[in-house]
Amino acid sequence: MDATVPTREAGEAEPAHRTQGPLRTRGPRGALRTPEATEPTEPAGTAEPAEPAEATQPAGTTQPAETAGPAQPPPPRTGRSPGRSPALSSGAARAAARVGAFAVCQAALMVGAGLLVTGPARDLWPVTAEVAAVKALEDARTGTLDALSTAVSALGDTTTVVGLTLLVCLALVLAPRLPRWREAVFLATAVSLQAAVFVLITACVDRTRPDVERLDASPPTSSYTSGHTGAATALYAGLAVLVLSRVRAPWRKPVAALLLVVPLLVGLARLYRGMHHPTDVAGGLANGALSLIVVGRAVLDGHTWAARPPANALDIAVDAAALDIAALDTAVDAAGRRSAPARKHATVIVNPTVTDTATRERLRLVLAQHGYGATSFVETTAQDPGGGQTAEALRAGAELVVVCGGDGTVRAVADALAGTGVPLVLVPCGTGNLLVRNLDLPLSPAEALAAGLTGEPRALDLGRIEGDGFPAVHFTAMAGAGLDAAMLEATSDRAKSFLGWPAYVLAGVKGLRAPRMRLTVRLDGGPELHRTARMVLVANVGAVQAGAAPVPAARPDDGLLDLAVFDPRGVGGWLRAVAVLLGGGRGAGEGRAVEFHTFRRAELSFTGPQPREVDGDPTGPGLRLTAEVRPGALTVLLPARER
């Protein structure tokens, strides 16, 4: 049996968060450490110097006004809450108001058309020809066409439309590397607006259904308009709009054409089944199309009413920051001294593959609001993922570095900032964003930036890792070998861009058949531990995407790194591993599906070449990994927490 890791030498304090043995547990996640949290307490028997006692005053008398010094002015107020930019907020309310106004016009137009069809125009062509058209379709019915019309009509059914809309919106938000919030809001709002107008129409226009044999049960609503057709138009034509405007692949036009045909087929099916008049179907098409136009022009980028920052948004943000600085400049401290604002110099390191133009502009506005008016945006490249750009910014005197990218970009920037004390602000724009998730920061880029700029500096640990075939580098989240590295190697950039983090899951399923590895582990200079494993993780943080926590006790500010050895055998072993993770680490240990250790320095040797990764970036197969912790090496601006 392998010996356990030796304990600390005599006199060395045991960290409060560790338990005896290689497996440690911890309580609920708390605030990260700050220097103030470790201030020494007063020795026993000592007391604070007594304040001069105030003269007592007889009851019923009035306390005289203080005259010891000038009255202190109240803190300056600028009328804005921290992190809220007038440049960012202007436009949304106006767009919402226009949507509401045009929706009322849309409803009035559709109701007016219905009253016209059922009133003055009912004896005019083409309304008079509708009965003959519906009867002709009734005479053409066959068993095959009946079955086909049933399937096509179901595409516009309420359950189908609501379910597909929900699935598509979730996919737009969760799957892409950059969540498509505008597209999701566009589709959901258009479908909802169509439904609301439809309900209003049926309440105002009373029209009986065609006097033919109907193949479906008659709903209680009016025949005008066709709800199936309207819903299908809003959903499938809305999808066609998104495909044409957001996809650049050569197949986008054929796919969009097929989507546009669906509402027409649904309308024809409703006519065939005797559920509507032709003008009812035309009304449904018009209602769905108008809903898309109204919402699309208000929500989608590049349209007239889109709730985007105004043309002078940067000037607005800079002026707002100037007002804040002027207010602070006129303020006086407790000693009566004026506080002079300092000039701010920041550099934003941007991964151009995951940060689009609209995101950059919003980040620029947030920076300007907080006094960083002349901030430079520097793009990473395939040859230099962020380290060189950060080093150049430090040489230029940057007082703050903002990183916009995924885990690999964050790692490269943190590697260059390690030990410098220059604060870093994290802006999540990648697929994983593991450090951001573990620090409970907002996943919206603009919100994360505002949270950091209004936060306070915190000291976080970094891991330093090296191996055969790659030099020593720092990592912020996790490094590892085995299944997780093979999964990352097997996931293409195209799959990550299209599916987001679920692409990793699909690649991981393929790697389950790979043979387990044999390795030797030496922790903090102790005896060798011989293990077999599917994968090993060296972790500075505990959680990954989708709320999973493969190393539940890891924290980025505890002065230690965590080692997780996963060696499940068969289906039962994987189930036990999942139970350990869901239980916060309970049930782990030597000889079990999962084993945890903590360390300051770890040496891992493999009997055969194993795929390896550092913060989500594959480093190639190798036989060795050496990792050590650098406590408090990275300074990050994080929102202030209550103590």
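## A tour from hairpin to cysteines

Start at the hairpin of S8 and S9: four residues lie between the strands, and Asp-524 there takes a positive phi near 50°. The model you have open is predicted.

Stop 1: Select residues 517–523 for strand S8 and residues 528–533 for strand S9. The two strands pair in the antiparallel sense, over six bridges. Go back to Asp-524, in the loop between S8 and S9. Is Asp-524 buried, partly exposed or exposed? Asp-524 is partly exposed, because its relative accessible area is 36%, and buried would mean under 20%.

**Stop 2: another positive phi.** Most residues other than glycine have a negative phi. Select Asp-440. Its phi is positive, near 60°, and the residue is not a glycine. Where does Asp-440 sit? Look in the loop between helix H14 (434–438) and helix H15 (445–453). Asp-440 is exposed, with a relative accessible area of 53%. The cut-off for exposed is over 50%.

**Stop 3: two cis peptide bonds.** Most peptide bonds are trans. Select Trp-125 and Pro-126. The peptide bond from Trp-125 to Pro-126 is cis, and its omega is near 15°. Pro-126 belongs to the loop between helix H2 (92–118) and helix H3 (130–139). Next, select Tyr-224 and Thr-225. These residues are also joined by a cis peptide bond, with omega about -5°. Thr-225 is found in the loop between helix H6 (181–204) and helix H7 (227–246).

**Stop 4: helix H4.** Select residues 143–154. Helix H4 has 12 residues. From its first C-alpha to its last, H4 reaches 17 Å, close to the 16 Å expected at 1.5 Å a residue. Which residues of H4 are buried? They are Ser-149, Val-152 and Ser-153. Turn the view to look down the axis of H4. The buried residues fall within an arc of 95°, so they line one face of the helix. An α-helix has 3.6 residues a turn, so residues three or four places apart point the same way. Now check the other side of H4. Gly-143, Thr-144 and Leu-148 are exposed there. What covers the buried residues of H4? The cover includes H7 and helix H8 (252–272). Show H7 and H8 together with H4 to see this cover.

**Stop 5: the cysteines.** A disulfide is a covalent bond between the sulfur atoms of two cysteines. How many disulfides does a search of the whole structure find? The search finds zero. Select Cys-404 and Cys-429. Cys-404 is in no disulfide, and its nearest cysteine sulfur, that of Cys-429, is 5.1 Å away. A disulfide would need the two sulfur atoms within 2.5 Å. Cys-404 counts as buried, because its relative accessibility is 0%. Then select Cys-204. Cys-204 is partly exposed, with a relative accessible area of 41%.

**Last stop: the whole chain.** Zoom out. The chain holds 19 helices and 16 strands. Of its 643 residues, 45% are buried. Take the contacts in the chain with a separation of 6 or more: residues 24 or more positions apart account for 73% of them. The accessible surface of the chain comes to about 32,600 Å², and 61% of it belongs to carbon and sulfur atoms.

Definitions and conventions
Residues are numbered from 1 along each chain as its sequence is written. This is a predicted model: local features need pLDDT of at least 70, side-chain atom pairs count only at pLDDT 80 or more; totals for chains, interfaces and linings use all residues. Side-chain values use heavy atoms; hydrogens and water are left out. Two strands pair if DSSP finds at least two bridges between them. Buried means under 20% relative accessible area, exposed over 50%, partly exposed in between (1.4 Å probe, protein chains only). Contact means heavy atoms within 4.5 Å. Accessible areas come from the Shrake-Rupley method with a 1.4 Å probe; for residues, only the protein chains shown count as cover. The expected span of a helix is 1.5 Å times one less than its number of residues. The arc is that of the directions from the helix axis to the C-beta atoms.
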